[in-house]
Amino acid sequence: NRNGTKIISGSKDHTVRKWDIVNNVCEKVFTGKAPVVTLALSKDDKYLAVSFGDRILNLVQFSTMTPLYTLPVGSLIKTVTFDPNDSEVFYAGDYHNDVKIFATEQLQIKRNLMGHNDLVTCLYKASKSESLFSGGADHRILLWSMKTRTLKLILTGHHDT
């Protein structure tokens, strides 16, 4: 979290744990029905996005670890990241080769960005840029404009990523 006193962990035991690393204790536990695949905390510590192996995406209130919204998604979400400039928006990369843009309000999909030829493995949204970067098992890095929601650039050259 922002002040460096809390961390979040997700596990194959279907739990997400909020740890107080100053006092070395687990403060809260959120339990799903499948192993945790990925998770991300918003920059303002308001939201936690959690993807479980049963293709369920959860938006959790970080302070209480209370689920706000649960959304069955058609494909396993491999990676999530929040927009560093807007905690009401986050991005998810899935096994159907797409990058999804979500609004935290009622966990709505705002847009689906298609361009990868294999699963999306990582995402990065720079705080001083309107660009979103996605990396995939197709050995490509895609640069997206979040202003126009379009693909701006494709970088190739990786092998066996």
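This is a predicted model: local features need pLDDT of at least 70, side-chain atom pairs count only at pLDDT 80 or more; totals for chains, interfaces and linings use all residues.
Four strands make up an open sheet, arranged in the order β8-β9-β10-β11 with antiparallel pairing. Its edges are formed by β8, residues 77-83, and β11, residues 108-114, each of which pairs on one side only. Between neighbouring strands of the sheet the average turn is 20 degrees, with direction ignored. Within the sheet, β9 covers residues 86-94 and β10 covers residues 98-103; these two strands run antiparallel and are joined by 5 bridges. Val 89 has Ala 103 of β10 as its bridge partner.

The relative accessible area of Ile 109 is 45%, so the residue is classed as partly exposed, a class that lies between the buried limit of under 20% and the exposed limit of over 50%. Beyond the residues up to four places away in sequence, Ile 109 touches Lys 100, Ile 101 and Phe 102. The C-alpha atoms of Ile 109 and Tyr 91 are 9.5 Å apart in space, with a separation of 18 residues in sequence.

Trp 144 is located in strand β14, which spans residues 140-145. Its relative accessibility is 2%, and Trp 144 therefore counts as buried, the limit being under 20%. With residues up to four places away in sequence not counted, the contacts of Trp 144 include Val 99, Leu 113, Met 114 and Gly 115. Further along the chain, Trp 144 also touches Glu 130, Ser 131, Leu 132 and Ser 134, as well as Thr 150, Leu 151 and Lys 152. For Ser 134, the side chain is joined to that of Trp 144 by a polar contact of 2.9 Å. Thr 81 lies 63 residues from Trp 144 in sequence, and the C-alpha to C-alpha distance between the two is 14 Å.

Asp 20 is placed in strand β2, residues 15-20. The relative accessibility of Asp 20 is 7%, and this residue therefore counts as buried. A polar atom of the Asp 20 side chain lies 2.9 Å from the backbone nitrogen of Val 22. Apart from neighbours within four places in sequence, Asp 20 is in contact with Thr 5, Lys 6, Val 25 and Glu 27.

Notes: Residues are numbered from 1 along each chain as its sequence is written. Side-chain values use heavy atoms; hydrogens and water are left out. Two strands pair if DSSP finds at least two bridges between them. Axes are lines fitted to C-alpha atoms, for helices over the stretch in contact, and angles run from 0 to 180 degrees between N-to-C directions. Buried means under 20% relative accessible area, exposed over 50%, partly exposed in between (1.4 Å probe, protein chains only). Contact means heavy atoms within 4.5 Å. A polar contact is a pair of N or O atoms within 3.5 Å; within protein, one must be able to donate a hydrogen and the other to accept it, and residues adjacent in sequence count only if both atoms are side-chain atoms.
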